[in-house]
Amino acid sequence: MREERPIIALDFPTFEEVKVFLEKFPEEEKLYVKIGMELYYACGAEIVRYVKNLGHSVFLDLKLHDIPNTVKSAMTVLAKLGVDMSNVHAAGGVEMMKAAREGFGPDGILIAVTQLTSTSEEQMQDYQNIQTSLTDSVLHYAKKTAEAGLDGVVCSAHEAAAIHEVTSQDFVCLTPGIRPAGADVGDQKRVMMPRQAREIGSNYIVVGRPITQAANPVAAYQAIKGEWNGQEELPSHH
Ligand code: C5P
């Protein structure tokens, strides 16, 4: 499946900024948003309840990594908040991922982080002491994630096709690092346009600053959503 709404990364430091941002959208426009560590640690569960009450879907991006029992209990709490998607670090192991699934329940979408895209191959080999290529490590973790009964992974759109090959076509590839045509890439190094991400098999895209920092966030969101769904502007007949 492919989720038609781009997930908006709500990378704001305060509740107030989230409120101001969300109030720009028409009430009937139901969004899919990502709440990450900064916002969650600043506002706690209250921010999740607020966003859910507005009728939006929530990906809570906290990347859990601890002993299986602790992760299971934490996931039980997050599931009770009604989050639609959450994640763990695949490095925590298959037992930890299975425990996360038990805690989170069968319904929500549970995915894993393989290698962070901030990790270089050299760092991985020296620091983590993993003597393979970065791609092999990503594919290894993706397979283990599928084995553990999770739904997918966070990955670079560049890796999506290979990941689908070693897992299954319905394994979720959620890809950040998306920029609309002609946009400022910011600190992202390997970006991809929504249409390319679709063609390569991303199931979800995460977009932050191109929407949150836009002069007109609603228009930016609609344009990116259109690109992602293959509805590029048609030439006018007038
Ligand atoms: O503003 P931008 O579109 O770059 O935001 C992308 C979001 O996705 C941020 O919340 C960032 O932390 C997250 N992310 C990422 N690259 C990864 C994993 C997560 O950009 N590899």
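Is Asn129 counted as buried or exposed? Asn129 counts as exposed, at 55% relative accessibility; exposed means over 50% relative accessible area, buried under 20%, and partly exposed in between (1.4 Å probe, protein chains only).

This is a predicted model, in which local features need pLDDT of at least 70, side-chain atom pairs count only at pLDDT 80 or more, and totals for chains, interfaces and linings use all residues. Residues are numbered from 1 along each chain as its sequence is written, and side-chain values use heavy atoms, with hydrogens and water left out.

Most residues other than glycine have a negative phi. Asn129, however, has a positive phi near 60°. Lys63, also not a glycine, has a positive phi of about 50°. Lys63 is partly exposed, with a relative accessible area of 23%.

| Side chain | Ligand atom and distance |
|---|---|
| Thr117 | nitrogen, 2.5 Å |
| Arg179 | oxygen, 2.7 Å |
| Arg209 | oxygen, 2.7 Å |

Taken alone, the ligand exposes 460 Å², and the protein buries 80% of that; these areas come from the Shrake-Rupley method with a 1.4 Å probe.

Note on methods: Polar contact = N/O pair within 3.5 Å; in protein donor to acceptor, adjacent residues only side chain to side chain.
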